[in-house]
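Reader: Please pick out one part of this model and go through it closely, then show how it sits among the rest. Keep to what can be checked against the coordinates.

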Amino acid sequence: MLTVEETIGVTEAARVPGQRNEQLPDSAVRYAEERHWDVFPGTWLEAAEGRERCSCGADDCALPGAHPSRPDWSTQATGSGVGARRMWSKQPRSSILLPTGRTFDAIEVSESAGFLALARMERMELTLGPVTCAPNRRMYFFVLPGAAVKVPDLVRRLGWIPSSLDLVTRGEGHYVAAPPTRIGGRGAVQWARRPTPANRWLPDAEELISALAYACGREAADARASRTT
């Protein structure tokens, strides 16, 4: 069975959150202190009438328990471990959100395309950054900032029409949810490639876009074929 989990050892000086049994406040502090990522607390899940609902109160919330709780979230984000501890002390169940466009951008694809691309990248022996897998079957590849600007042109150079691919870049003004944030009753965000000392230096989007575009293009072709049969 193919495993996409990073297996390089993590030293005590560079520990990062695991995928299970981690408390949200501790994980947020570690992201800030050990990875130097900005973090900010989002909404959380509350038990109501026998089910979990988002603290925002919306019955039709698209990302229950995993979106910003206030409009000025970008100014709230901090890269300080002390600041993170203080914010999560107010509501320890708050989701962990990471603003993109600062220390990293994220390339978002479907889970099926993401795992296909990961297998292709491994064969190509590419150096990857962290990759998350969300319970809504979306994957996020962390790359150097600036990807949101350059990716559309890179996709065109490869012969694809950007709008034809299920490939989204998240840069300035956006965010991603970090493990172990839970999204509704679907489960928790997990690492497909966890942060390690080996991937502290992120790849440029140009290094990964060929494999990602290929996987998304293949998925789009399969979807078209299924509609015609």
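Author: **A loop residue, and then the helices**

Glu125 has a relative accessible area of 71% and is exposed; with a 1.4 Å probe and protein chains only, exposed stands for over 50%, buried for under 20%, and partly exposed for what lies in between. The model is a predicted one, in which local features need pLDDT of at least 70 and side-chain atom pairs pLDDT 80 or more, while totals for chains, interfaces and linings use all residues. Numbering starts from 1 along each chain as its sequence is written, and side-chain values use heavy atoms, with hydrogens and water left out.

The phi angle of Glu125 is positive, near 55°, although the residue is not a glycine. Glu125 belongs to the loop that runs between α4 (111-123) and β6 (131-134). Helices and strands here are DSSP runs counted from the N terminus (H or I over at least four residues for helices, E over at least two for strands). On that count the chain has six helices and 10 strands.

His36 also has a positive phi without being glycine, in this case near 60°. Its loop lies between α1 (24-34) and β1 (40-41), and His36 is exposed at 53% relative accessible area. His36 follows α1, which leads to that helix, the part to be examined in detail.

How many of the 11 residues of α1 are buried? Eight are, so the helix is largely enclosed by the rest of the structure. They are Leu24, Pro25, Ser27, Ala28, Val29, Tyr31, Ala32 and Glu34. These buried residues of α1 pack against α3, β4 and β10. For the chain of 229 residues, the buried part comes to 50%.

The partner α3 covers residues 81-90, and its axis comes within 8 Å of the axis of α1, the two crossing at roughly 160°. That angle makes α1 roughly antiparallel to α3. Axes are lines fitted to C-alpha atoms, for helices over the stretch in contact, with angles from 0 to 180 degrees between N-to-C directions. Roughly antiparallel applies over 145 degrees, roughly parallel under 35, roughly perpendicular from 65 to 115, and oblique to the rest. The crossing of α1 past α3 is right-handed, that is, the near helix is turned clockwise from the far one by less than a right angle, anticlockwise being left-handed.

From α1, the residues that make this contact are Leu24, Pro25, Asp26, Ala28, Val29, Ala32 and Glu33, and from α3 they are Gly81, Ala84, Arg85 and Trp88. Contact is taken as heavy atoms within 4.5 Å. Sorted by type, the α1 and α3 residues in the contact are seven nonpolar, one polar and three charged. Nonpolar covers Ala, Val, Leu, Ile, Met, Phe, Trp, Tyr, Cys and Pro; charged covers Asp, Glu, Lys and Arg; the others, including Gly, are polar.

α5 goes past α6 in a right-handed crossing. Ala147, Lys150, Val151, Leu154 and Val155 of α5 meet Ala205, Glu206 and Ile209 of α6. This contact has six nonpolar residues, no polar ones and two charged.

With 2% relative accessibility, Thr100 is buried. Apart from neighbours within four places in sequence, Thr100 contacts Asp105, Ala106, Arg170, Gly171, Glu172, Gly173, His174, Tyr175 and Val176. Across the chain, 79% of the contacts with a separation of 6 or more join residues 24 or more positions apart.

Another loop, between β9 (175-177) and β10 (190-193), holds Pro180. The peptide bond between Pro179 and Pro180 is cis, with omega about 5°.

The cysteines remain. Counting a disulfide as a pair of cysteine sulfur atoms within 2.5 Å, the model has zero. For Cys56 the closest cysteine sulfur is in Cys54 at 3.5 Å, too far for a bond. Cys56 is partly exposed, at 39% relative accessible area, whereas Cys133 is buried at 14%.
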